Amino acid sequence: MQNVVPQTSTRTLNAKDYKTLALSALGGALEFYDFIIFVFFSITISHLFFPTDIPNWLSQVQTFGIFAAGYLIRPFGGIVMAHFGDRFGRKRMFTLSILLMALPTLFIGCLPTYTHIGIFAPLLLLLMRLCQGLAVGGEVPGAWTFVSEHVPKNKIGLACGILTSGLSLGILLGSLVSTAMNKCLSAEQLIDWGWRIPFIIGGVFGLIAMYLRRWLKETPIFQEMQKRKQQELAKKIPVITVLTEYLPQTILSMLLTWVLSAGIMVIMLMTPILLQKQFGYSPVDALQGNILAIIGLIISCTFYGMMMDKFAMGKVILIGCAIATVVIAIFYLSLDNPHLLFMTYSLAGFSVGIVGSFAYFMVTVFPTQIRYSGVSFSFNMAYAIAGGLTPLLISFLSDFVSKMAPAIYVIGLFGFGALIGLFLFINNNSQKYIAKDLA
């Protein structure tokens, strides 16, 4: 396999790089907001889109089933968009993904409810959720690939860290908007019309972000590959090449994604609910603690991304995951003391930020010709499985086994992440898992 001319590794980030990072991170934040806002209004949606004469728990389960559908469809969207992204360029798919997210989000805010159109209401909601899943399946891997091929080699970690921080900002925006809506509107106003506002806002801003992305340029490294006519992979489907020639890299990327999903799904998204159900915290305290944790995550993703540019990636992953296991253990063990919540939860959020460095590994282990497909398949397949099973598993274990089950699950996975870091550190000298065009 021929190699693409590597990116310049000595220059610093220039104005064009910062513009690319800013537009990519902004679009990613808004797109992730569109994907996540559903869960913040899941209780309201369960009342509006299903019959009123069924039990609350059943309508809630059906609502979360629709939410989970967005995760399950992600691999398909990621594979298709990555296929065309590896063939025809990153920018087109990068722009298409945000359009596929913005329009369904806007439409959700305008959907008639069950009282108006009956069974068609949840069916239309499911269709919109599937479209969102298709979009986010292409957005996250596409964004990591896009920025990593724009910046110099010695800034790839920083670029991926900033972009992951942008995605985390989308979660923060969802939390803040949800808080504002619940404080400013009564329960009647919220269920009557207020729940639509966050979706309409997300759709409109998504379309604005898509417009801004028109100013982005195709990645230089992909353009160089096209100029040299290095399309020897055109005869194969890129994802087939990923699985036949880069299986070890794919497996390691999927395992790291599993660790990432535990940090984001459990610590960031599920813990506020668990704090209320299992530890008796008020919704306000749980939400405020969650906001502090997300802020810590945003800062930490960029920090660990910078560390990947300065030190061996195996060492960074090893140390970062080891720190996370200790800090997360302290966080859960301290929950009986409400006065420590804000401090320990924010530190736990910061420690989870090591997941911001995982993108560096994924974009560097696959060569340009299949990078988008490699990252997309690994990330989306692992996240679809973990994202679909983790909420059910954690809910079951915390209700029927132990309220500390979430802690055991997350700590165990970050401990496993530390072992992956150790493995990579031992193999680091040979650069065995780094693509030659980025070595």
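Student: Is the crossing of α1 and α7 left-handed or right-handed?

Tutor: Left-handed, for the crossing of α1 and α7. Keep in mind that this is a predicted model.

Student: OK. At what angle do the axes of α1 and α7 cross?

Tutor: Roughly 155°, and the axes of α1 and α7 come within 10 Å. Angles over 145 degrees count as roughly antiparallel, so α1 is roughly antiparallel to α7.

Student: Which residues of α1 and α7 make the contact?

Tutor: On the α1 side they include Gly 27, Gly 28, Phe 32, Phe 35 and Phe 38. From α7, Arg 129, Gly 133, Val 136 and Glu 139 are among them.

Student: Let's jump along the chain. How do α15 and α16 pack, at what angle and how far apart?

Tutor: Helix α15 covers residues 313–333 and helix α16 covers residues 341–352; they pack at about 160°, with their axes 9 Å apart. That angle makes α15 roughly antiparallel to α16. The crossing of α15 and α16 is left-handed.

Student: Which residues of α15 and α16 make that contact?

Tutor: α15 puts in Gly 320, Ala 324, Val 327, Ile 328 and Phe 331. α16 answers with Leu 341, Thr 344, Tyr 345, Leu 347, Ala 348, Ser 351 and Val 352.

Student: How many charged residues does the contact of α15 with α16 have?

Tutor: None; the contact has nine nonpolar and three polar residues.

Student: Switching to holes. How many cavities of 30 Å³ or more does the structure hold?

Tutor: Three. The largest cavity has about 150 Å³ of space.

Student: What lines the largest cavity?

Tutor: There are 14 lining residues, and the closest to the centre are Phe 32, Thr 164, Leu 167, Leu 260 and Ile 264. Phe 32 is also one of the α1 residues in the contact with α7. By element, α7, α8, α13 and α18 each give two or more residues to the lining of the largest cavity.

Student: Which element gives the most to that cavity lining?

Tutor: α8, with four residues. The lining of the largest cavity divides into 11 nonpolar, two polar and one charged.

Student: Now the largest pocket. How much space lies in it?

Tutor: About 810 Å³. The largest pocket is lined by 28 residues, and Phe 40, Ser 178, Asn 182, Gln 276 and Leu 287 lie nearest its centre.

Student: Which elements give two or more residues to the lining of the largest pocket?

Tutor: α1, α2, α3, α8, α13 and α14. Out of these, α14 gives the most, with seven residues. The pocket lining divides into 17 nonpolar, nine polar and two charged residues.

Student: Last one: where is Arg 196 found?

Tutor: In helix α10, which runs over residues 196–212.

Student: And which residues does Arg 196 touch, leaving out those up to four places away in sequence?

Tutor: Arg 196 touches Ile 108, Gly 109, Cys 110, Leu 111, Pro 112 and Thr 113.

Key
Residues numbered from 1 in each chain as written. Predicted model: local features only at pLDDT ≥ 70, side-chain atom pairs only at ≥ 80, totals over all residues. Heavy atoms only, no water. Axes fitted to C-alpha atoms, helices over the stretch in contact; angles between N-to-C directions. Parallel < 35°, antiparallel > 145°, perpendicular 65-115°, else oblique. Left-handed = near helix turned anticlockwise from the far one by under 90°. Contact = heavy atoms within 4.5 Å. Nonpolar A, V, L, I, M, F, W, Y, C, P; charged D, E, K, R; others polar. 1 Å grid on protein atoms, 1.4 Å probe; cavity = no way out; pocket = protein on both sides within 12 Å on 5 of 7 lines; lining within 4 Å. Points joined across faces, edges and corners; volume = space filled by probe spheres on them.
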